[in-house]
Structure formats: C-alpha cells, structure tokens
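Thanks, everyone; please bring up the sequence and the model on your screens, and I will walk through a few local features one after another.

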Amino acid sequence: LADPEKAWPINLVAKTGRATVSADGVIKDLANGKGFSFIVKTEGQSTADITDLINITQVPDLRPFKVTGKVSNTKGKLTIENLNGHMGNEALARVNVVGVIKDPRAKRGIDLKVDIKGKDLRTLEKLLKRPLHLKGPFHGTGRLKDAEGRLLVQNLKVQMGTSKLARLRLSGSVNDIQAQRDFDLRFLFQGKNLANLEKLLGVSIPFRGPFKASGLVSDLGQKSYKFSDFKGTLRNSDLSGTVDIRLGSKRPKLTAVLTSRKMDLRPFLSKKKGRARGAKGSTRSEAKKKAFSSDPLTLNMLKRVDAQIMINTKRFLMPRLALREFSAQIFLKSGRLRVREVRSRIGGGTLKGSLDLRVKRKGTAVATVLRIDNSDLGRMLKDLKLSDILEGKVDMDVNIRAYGRSVAALMAG
C-alpha cells in the first residue's frame, strides 16, 4: 500500500449535511494518505455545510454553491489548484472564485480572483450584518492574496447604488482585510440630491442639490486617514485639496488645505419667511421687528473636534455679501475658534479681518476685527445680481468684543 512506484486509483462520493463531495484521482501512499492528486467536486444548498466542516467561522452563508479544484499532496504539502467556485443565487448575490491555495492548512499561498454581484445592497446588509447606507445593485471584483499571515485584496473595483439615490465607486487595495486597515482607495461618490441620504444615514442634512466627491483615501495608521486629490461639488459650489483626519486622540482632529473657484452659500442660507402661525396683534409685529434671535447658541459641538483649515476661494457669495480672492486660516481647539489672516477683495476694495470665538460655561465670547478700504458697495451688489441702489466708496473699521448666550445678547454687547 506504500509502494512509491504504484498509483492507486480512487473514486469517492460522500455526503456531509446537505452537501455532496466527490474525489477522482490517484494516491501513492494509501496507508499514510500521502502522495495523492484528486479532482474534487462539491456542491450543496448552503456554504455553511462546508465552512462548519473545515472550522471556518465568521463567514456568511452564501446559500447554494458548486466548487471544483485539484487537491494534491505530491510534495508533502496539501495544495489546491485550478479552484473554481460559484456561490449564491439571483435573489441574494452571486460570488465567483478562481485561483489557487498553495497551503490551505496554514492559510498561506492564497491567490484568488473574486467577483461578487447582486441586485440589492439591502440583502447584502443582512448577509454581512452591518449597515451599508446605500440601496440598489452592486458589483465588486478583486484579487485576494495573503502576506505575512494577513489577507489582502489588490486590484479592487467596487460600484454600488443607483443614479436616483447615489452611486459609489471604489478602486485600489486593502492590505489587511480582517482589521480593515492599511488601505489606499480611490473613490467617486455622486447623486442628484444630498438630502436623499438623510434616511439612509439617520442624520439631518441641511444641504440640498446635486453633489459629487472624488479623491484618494489612505489609512495612515493609528486611526488616521488622509484624503488627497479631493474634489467636491455641491450645487454651484466646488472645493478641492487635501484633508487629514485623526481619530486616535481624545478629540478628533481635522487638518485641511482647501481651494475653490466658487463657494456660493446663498442657496443654503437664504430662507423665505412665511407668516407666523398662531400669533396675533402686537406679538406678530414684535416678531417681525426683532432683528436678532434670543435663542441660546448651541456651539458645544466646537468642543468635540479640533481643526486647522487653510482655505482660498476665487469667489465667496452669501445672501448680502460678495467676496473675491478670499483666504483665511481657521483654527479650532478645545472650543476656541480663531479665524486669522482673513483677506479678500470686496467691491473693488480690500477686506482684512480676524475672529476669536470662545465657548464658555455660561455663554460665548466673541472678538472681531474688520477693516474695509475703498469698497464700492454698488459694485458688490452687482456681483450678487441685486439692485444697484448704493453708490460711492466705503471705508470701515470694526472692532467688536461681546459676551452672551444668544445672537441678540452678543449684538447688545
């Protein structure tokens, strides 16, 4: 039975659970179960029948499957070659796997091409038991390999979502799949209306309109991520540059260098005021006359994150303000917001200024310095496409220090 010159033919068919396994080939050391080479075929109605058998956990059940491959032990080591697997169904997802596993016992020498495709991401959510925040069809391809005991994926290409809601495309590599780290991924995320994501993300989104964002996101380690070559548009506004996000410290920190051709905040800040409901007589009249809100400012969120942002934009538009060649340095730390080196053109003149805002226990302290030289307000109104009702040049110096719990309190000094 252990004659090295004799090859014993083997043809086996077995069942395990609801799965069927067949092996057809030869073995030279029948007594020790070595020196064999088989063509193995297995199929069934649940991949769990196989994963449970070979003690592979944390793998979702892909339902029906059919797998073939050449399993051999001719050189003293178990090897799987010409692996070809088809799993899943139309309703859930279809997964195709082709490649080789040179040492399946040690889970090394893995080189597999993987293709997964499905009609609805909601079924994939249930399968993975985690939210994906999108709906619609999905398709992903990649090359699964191992290196130094970890699984990685190369040549990854993923697309998901719908044109009605949002589409996401990813391409690149993930060098540690289990830990979901050490990745470099190019992304393209776009949709017809940003507000459509409110229900999916479970958060309120105050912005409306078509959006598009692209760039390269990289894992820097220590819960730090870098967005480079970033380009984003929302309605008529655009933004590009680099963004670093560090989540490993007590407060997350954001560092960004951003440029823009046009930042138009008018669609997001302009509000049509309707008639007050349930108010009569002098109460309604007083509400109309009230210039600044007495509602408490909610600025505690400034204490939750630190930031350092450098921004330059060609045009910066607000409901009653039009700036050109605007630049500023923004610093946020421990609830203190400082805006330095504010520089801009306004109505043909210049604007310089700074802002220092501190969130304290019983209110907010604000210090603002602003200087405007040789500005033509009529020209600025033309930039906003408003009536030219003002003429002449304006020079202005503003130095404000205030403390309060509301805008009305701050304006009162």
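This is a predicted model: local features need pLDDT of at least 70, side-chain atom pairs count only at pLDDT 80 or more; totals for chains, interfaces and linings use all residues.

Let me begin with Tyr 225, which is partly exposed because its relative accessible area is 24%, where buried means under 20% relative accessible area, exposed means over 50%, and partly exposed lies in between, computed with a 1.4 Å probe on protein chains only. Residues are numbered from 1 along each chain as its sequence is written, and side-chain values use heavy atoms, with hydrogens and water left out.

A pair of aromatic rings is described by the distance of the centres and the angle of the planes. The rule here is that rings of Phe, Tyr and Trp (for Trp, its six-membered ring) pair if their centres lie within 6.5 Å, with planes under 30 degrees apart counted as stacked, over 60 as edge-to-face and the rest as tilted. By this rule there are five aromatic pairs. In one of them, the ring centres of Phe 183 and Tyr 225 are 6.0 Å apart and the planes meet at 15°, so this pair is stacked. Phe 183 belongs to strand E11 (residues 181-191) and Tyr 225 to strand E13 (residues 224-234), so that the pair links distant parts of the chain, 42 residues apart; helices (H or I, at least four residues) and strands (E, at least two) are DSSP runs numbered from the N terminus. Phe 183 itself is buried, at a relative accessible area of 14%.

Phe 187 and Phe 227 form an edge-to-face pair, with 6.0 Å from centre to centre and 80° between the planes. Here too the residues come from E11 and E13, so the pair ties together parts that are 40 residues apart in sequence. Phe 187 is buried, with a relative accessible area of 14%, whereas Phe 227 counts as partly exposed at 24%.

Staying in strand E13, we also find Ser 228, which is buried at 18% relative accessibility. What is Ser 228 in contact with, leaving aside its neighbours within four places in sequence? The residues are Gly 215, Leu 216, Gly 241 and Thr 242, contact meaning heavy atoms within 4.5 Å.

Next, the backbone. Most residues other than glycine have a negative phi. Arg 235, although not a glycine, has a positive phi of about 55°; its place is in the loop between E13 and strand E14 (237-246), and it is partly exposed at 41%. Glu 325, also not a glycine, has a positive phi of about 50°, lies in strand E17 (residues 321-333) and is partly exposed at 47%.

Finally, the interior. A nonpolar core is a set of buried Ala, Val, Leu, Ile, Met, Phe, Trp, Tyr and Cys residues joined through side-chain atoms within 4.5 Å. The largest such core has 47 residues, of which Leu 112, Leu 134, Met 160 and Leu 197 touch the most other members. Leu 197, leaving aside neighbours within four places in sequence, is in contact with Leu 165, Ala 166, Phe 189, Ile 205 and Phe 211. A second, separate core of 26 residues includes Leu 258, Leu 302, Leu 337 and Val 359.
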